[in-house]
Amino acid sequence: MNILLMVTLFAMFFYSRKVIKEDTLQRASQTLEGAMTKIDNILLSVEETTGNMYFDMLPHLNNPDAMYEYSRRIVETCPYITGCAIAFKPGFYEGRESFMAYYHRRSDASDAPTDSLIVREETFGNKPYYEQVWFTKPIETYNAMWLNPLEGMEDIDIEPITSYSLPIPDGNGKPIGVISVDVSLSLISDIVATTKTSPDSYCALLDSDGTFIVHPTGKHLRQPTAYGLPDDMLKNILGTVMSGETSYAPFNIAGKDFYIFYKPFQRALIPMRPVDKSTWTIAVAMSKESIFGEYNRLFNYVVINGLGGMLLFLIVCWIILYLRLRPLKMLTGKAERIAEGHYREPIPKTWNRDEIGSLQRNFIRMRRALVAQIDELEQLTAANKQRSEELNTAYKQAQKADQMKTVFLHRMTNQMVAPALAIDNDVTALRANDAEAQKRDTAQLVDNIQKNGTTITRVLNQLLNQSEEEIRKEVEHD
């Protein structure tokens with residue numbers, strides 16, 4: 001039962017871990033969704049400000065001085081905008097080889113967007129504006145678009161920005177210029193930096209080529225792409241992150257296990273908003289400890305308690321079995337002692353009413369019955385021994401008597417032999433006597449025969465008397 005309980009707990013924890021992982025994915029997705037919404041609100045505010053000024057300035061495209069005013073007003077209107085450049089193709093204005101109206105905030109927009117000083121600059125970057133990406137790309141595609149940070153910028157010591165470029169058409173619908181507004185990544189970095197599902201989690205915004213739009217630490221970009229990171233496993237994970245799917249993947253960096261949750265950056269669909277298929281991906285990396293820390297501690301607690309409970313259960317079972325089997329062990333020892341001949345050793349009494357107690361009481365009765373039978377057998381053995389000794393004595397006496405009889409008969413026989421021989425000799429002589437001697441010796445021979453016959457008769461009478469005496473003694477003894 002304990003093993004079944006442990007298996008059930010392990011199964012429960014296995015599925016609980018799966019549920020925790022799915023719940024973490026959902027929470028991370030919601031967190032990323034919230035961060036995307038905040039970032040998209042900034043982008044949408046910039047797009048709306050730029051769009052409104054775009055429609056206001058269309059009637060005044062022939063007035064270059066008005067372009068400076070619109071550029072300044074765009075920066076003033078939206079606190080998220082750090083700079084605005086309104087530039088036209090070279091030669092658009094007569095008498096001017098090129099034209100760009102550029103205003104920007106001198107301080108970081110994230111520090112004091114409303115109080116920052118707005119200044120005018122004549123140049124931007126290290127090469128002519130009409131060779132920079134923010135100008136050439138919208139002209140070529142004739143589409144409004146967001147540009148990645150540092151795209152086309154050679155000086156990486158300046159603060160990273162992302163630019164929204166909107167092409168300006170002429171009366172025939174052909175692009176003649178570009179409105180480009182800059183948004184400091186400090187704003188987006190602050191949002192991303194606060195997007196934390198746990199204290200040790202990190203959020204990042206990446207482009208399709210692995211470019212960090214916002215670094216996981218929330219600091220300014222110092223490395224052009226995530227693929228430049230030294231960890232090969234992280235490079236492989238980035239290939240999955242850039243797949244355009246919403247999912248998660250485990251990875252290890254610096255000996256610490258993480259899960260990275262990612263989803264494509266989706267912009268809100270609003271009427272009149274330019275369709276711009278974003279290739280950005282927002283991701284949050286969470287340590288395995290922050291996800292499964294409580295689970296692992298609970299799991300370890302349950303495992304320790306389960307193993308401790310199982311050990312305690314086994315100890316209790318062992319004690320119970322020992323106490324229950326101790327009478328059986330005692331009875332086994334007593335049986336061995338009885339088998340060795342120790343029949344009179346006592347067996348302890350018991351008051352238990354179970355099967356073992358009943359067996360012990362029956363064993364006690366069996367021992368008593370066995371002792372009684374052995375005592376009776378010993379008595380019979382003693383009686384038989386005594387009778388055997390008596391019989392042996394009688395046998396010896398009978399043998400002695402038989403020997404005496406033999407001696408007596410031998411003596412009696414010897415006593416009868418001489419008279420019998422004398423009688424035989426006398427009879428022989430009597431027959432041999434002639435007529436003359438017959439008369440003279442007959443009387444003497446007859447007299448001798450009579451004497452010897454009397455002797456034989458006396459010996460026979462003694463023998464008969466002795467036999468009758470022994471028969472009488474045997475009758476009296478029986």
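Q: Is Trp 318 buried or exposed?
A: Buried means under 20% relative accessible area, exposed over 50%, and partly exposed in between, with a 1.4 Å probe and protein chains only. Trp 318 has a relative accessible area of 58%, so Trp 318 is exposed. Tyr 322, at 42%, is partly exposed. The model is predicted: local features need pLDDT of at least 70, side-chain atom pairs count only at pLDDT 80 or more, and totals for chains, interfaces and linings use all residues. Residues are numbered from 1 along each chain as its sequence is written, and side-chain values use heavy atoms, without hydrogens and water.

Q: How many aromatic pairs does a search of the whole structure find?
A: Rings of Phe, Tyr and Trp (its six-membered ring) pair if their centres lie within 6.5 Å; planes under 30 degrees apart count as stacked, over 60 as edge-to-face and the rest as tilted. The search finds 13 aromatic pairs. One of them is edge-to-face: Tyr 68 and Phe 99, 5.3 Å centre to centre, with 80 degrees between the planes.

Q: Which parts does the pair of Tyr 68 and Phe 99 tie together?
A: Helices (H or I, at least four residues) and strands (E, at least two) are DSSP runs, numbered from the N terminus. Tyr 68 lies in helix 2 (residues 64-77) and Phe 99 in strand 2 (residues 99-105), so the pair ties together parts 31 residues apart in sequence. Both residues, Tyr 68 and Phe 99, are buried.

Q: What form does the pair of Trp 318 and Tyr 322 take?
A: This pair is stacked, at 5.5 Å centre to centre and 15 degrees between the planes. Both residues lie in helix 6 (residues 288-339), four residues apart, about one turn of the helix.
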